[in-house]
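The sequence and model are shown first, and the description follows.

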Amino acid sequence: MQNIVGIDIGGSHITLAQVNPEKREIISSTYVREHVDAFESKEVIFSAWVSAIEKVAHNLVKEDLLIGIAMPGPFDYENGISLMQQGKFIDIYQVNIKEELAKRLDISQERIHFVNDAA
């Protein structure tokens with residue numbers, strides 16, 4: 001079975017859980033929601049995200065892990081690059097989030113995918 005973590009990132013939170021791909025359901029026992037201050041520095045934001053992801057994915061095999069992230073725009077969803085120039089997440093403007101998360105989680109960038117949070 002594929003190891004999938006579904007993530008919703010908002011201006012004040014990160015919400016995530018493991019997903020059962022066969023049933024297409026959230027595994028409720030793995031649900032985590034944590035506060036994240038989108039006006040903080042890049043390092044504080046990434047530390048909060050990685051900490052939350054590690055809580056949910058701690059028992060999963062990294063080589064089989066797929067991460068799907070719903071992210072607010074403007075954002076380059078294909079390449080994982082933030083295009084938010086004003087307000088929330090200003091400190092990660094033009095940061096390759098896919099690359100940063102892959103490095104910090106020690107997984108391949110190809111295992112991380114982004115969609116618009118409105119989708």
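Asn 3 lies in strand 1 (residues 3-9), where strands are DSSP runs of E with at least two residues, numbered from the N terminus. This is a predicted model, in which local features need pLDDT of at least 70, side-chain atom pairs count only at pLDDT 80 or more, and totals for chains, interfaces and linings use all residues. Residues are numbered from 1 along each chain as its sequence is written, and side-chain values use heavy atoms, with hydrogens and water left out.

Asn 3 counts as buried because its relative accessibility is 13%; buried means under 20% relative accessible area (1.4 Å probe, protein chains only). Leaving aside residues up to four places away in sequence, Asn 3 touches Leu 60, Val 61, Asp 64, Leu 65 and Leu 66, contact meaning heavy atoms within 4.5 Å.

Helix 1 spans residues 42-57, helices being DSSP runs of H or I with at least four residues.

The buried residues of helix 1 are Ile 45, Phe 46, Trp 49, Val 50, Ala 52, Ile 53, Val 56 and Ala 57. They lie on the same side of helix 1, because they cover an arc of only 165 degrees around the axis, taken from the directions from the helix axis to the C-beta atoms. These buried residues pack against strand 1, strand 2, strand 4 (32-35), strand 5 and helix 2 (97-105).

Notes:
Buried < 20%, exposed > 50% of the residue type's maximum accessible area, 1.4 Å probe, protein only. Expected span 1.5 Å × (residues − 1).
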